[in-house]
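Here's a quick briefing to read alongside the sequence and the coordinates. Have a look at the fold before working through the points below.

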Amino acid sequence: MKILGTIDILVMILYFVILLYIGYKIMRDKKGEGEAESFLAADRNMNLLQTTASTAATDLGGGFSIAMGGLGFTLGISGSWLIAVSGLSAVFSSFLLVPKVKKWADKTKGLTIGDLFTQRFDEKTGLIAALLIGVSWFAFVGGQIIAAGKLVAATMGFDLTTAIILAGAVVLAYTVMGGLKAVIITDVFQMVILFVGIIFIMVPIGLVKVGGWSGMVEQFSASAETANLLNWGAVGWKTAIGWFLSIFPVWFISIAAFQRIVAARDEGTATKGIFLTGIPIEWPLFAIGTTLVGMFARMLMPGLADAELATPNMILTLLPVGISGIVVAAYIAAVMSTADSCLMGPVAIFVNDVYKKLINPEANDRQLVKVGRYATLVLGVLAIYLAYSVPSILSIVLFAYTFGAAGLFFPMLGLLFWKRTTASGAFFSIILGGSAAIIWGPILKNPLGFSESYLGWIVSFLALVIVSLLTEHSVDEDIDTFFPDDPTFSDIIAK
């Protein structure tokens, strides 16, 4: 199999060196006072370009950018609806979620979803919310490292195990050094590379090679097996609804989105950044662009054994020397920009919600950053092991989304929009919704062909509503901060 040439590899090495330099420079410049705020919250002063580019690059990581090539190869253009659902979720969350969360974060200097649930409900609910979303996004890191490993293995000739270790090591290195600020700054650089590589290089060259859209229509229409690849409605309704239930809630519980809201300089910046990520970046640009790459592969190499290798094979087949290295770097950028952010989420949860709250409440900035770096290293190594153990990108990504969404989507909506939601209602909704998704999916293997997201949503919603209606607000709950225009909690108690 063809692999990258010397010039392409040199281009990629230069790209990696730049990432590592950014992490090192931020580590060197941010020592002493404010070091923890930089490591965990990027100083809370990110501008619109940084917020948008980092949010988009994170969500369009290897789990989408590489796996979408596989969907384009197997399902055709209808596979693009997977990212379209994510774009729709981003638009809705920009109006519904961002303003309330940003006001809360700026007022209280909150950092994590655990902080949010603790303040609105109580410490028990905050801890269980933090642990669930931390485990979910930790699994997501594994999916990104798998994607990077497959890309490196296919284009540079390494075996998959070595490639996974190399890809994971680079992500770990600059994240350990610079924390969230390094992640966001590198994401801007990575988003530019990704956008140019896919939209302005890969797709136009691919269209020329296959004879344009008319050439695709002619070839795919000639066979009953491939005729549906050009049908926007070819994806089955069970699959489509499963995608919606798994992915639509993600922006309302996403660690990456939450971090960008916290790190943005103001509410307007956070709102615009997440909206622009949904439209036009996710849909239509990347949704259609990444799917087309897989469709090109179906035309030019229909016998490909692993559909998720469609993208790396297209890079090697279509592109000239030098350009191949840039585009491979673009896809690795996609992977790393998601892996680093999703790694920083569990790290922030461990440092803020476990270490600082439960182990060492008096910890100073230097201690928090030190613990954060150790946590990054340990969790990163575990994520690399997970990537080695579960070799399917899309399966682990969708499970991570489903597990988090089943447990937290409705409690988050209740927290923000339903004043009657109680701490007990939120707690049992998280526990029962997440547990139902695990039992229905990994344990029972999705009976009747329905995704675990179906049962998870139903159980979580019913638990939230029923338990909240049967219980009263506790004295630990802070309702006034989230519903300031309604009668205050103290007024209700007084009555």
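Predicted model: local features only at pLDDT ≥ 70, side-chain atom pairs only at ≥ 80, totals over all residues.

The chain comes out as 22 helices and zero strands, and 60% of its 495 residues count as buried.

**Confidence**
- Mean pLDDT for the chain is 83, with 89% of residues at 70 or more.
- H15 has the highest mean pLDDT among the elements, at 94, while helix H22 (residues 489–494) has the lowest, at 42.
- The pLDDT is below 50 over residues 487–495, and that stretch has nine contacts in the model beyond near neighbours in sequence.

**Overall contacts**
- Take the contacts between residues at least 6 apart in sequence: 85% of them join residues at least 24 apart.

**H6 against H15**
- A pair of packed helices is described by the angle between their axes and the distance between those axes.
- For helix H6 (residues 81–96) and helix H15 (residues 267–300), the axes come within 8 Å and cross at roughly 170°.
- That crossing angle is over 145°, so H6 and H15 count as roughly antiparallel to each other.
- On the H6 side, the contact residues include Trp 81, Ile 83, Ala 84, Gly 87, Val 91 and Phe 95.
- H15 contributes, among others, Ile 274, Phe 275, Gly 278, Glu 282, Trp 283 and Phe 286.
- Sorted by class, this H6–H15 contact has 12 nonpolar, seven polar and one charged residues.

**Buried helix positions**
- Helix H7 (residues 98–108) has Val 98, Pro 99, Val 101, Lys 102, Trp 104 and Ala 105 buried.
- In helix H16 (residues 310–318), eight of the nine residues are buried, so H16 is largely enclosed by the rest of the structure.
- The buried residues of H16 are Ala 310, Thr 311, Pro 312, Asn 313, Met 314, Ile 315, Leu 316 and Leu 318.

**Thr 376 in H18**
- Thr 376 sits in helix H18, which spans residues 365–389.
- Its relative accessibility is 0%, and buried means under 20%, so Thr 376 counts as buried.
- A polar atom of the Thr 376 side chain lies 2.7 Å from the backbone oxygen of Gly 372.

Methods. Residues numbered from 1 in each chain as written. Heavy atoms only, no water. Axes fitted to C-alpha atoms, helices over the stretch in contact; angles between N-to-C directions. Helix = DSSP H or I, 4+ residues; strand = E, 2+ residues; numbered from the N terminus. Parallel < 35°, antiparallel > 145°, perpendicular 65-115°, else oblique. Contact = heavy atoms within 4.5 Å. Nonpolar A, V, L, I, M, F, W, Y, C, P; charged D, E, K, R; others polar. Buried < 20%, exposed > 50% of the residue type's maximum accessible area, 1.4 Å probe, protein only. Polar contact = N/O pair within 3.5 Å; in protein donor to acceptor, adjacent residues only side chain to side chain. pLDDT = per-residue confidence, 0-100.
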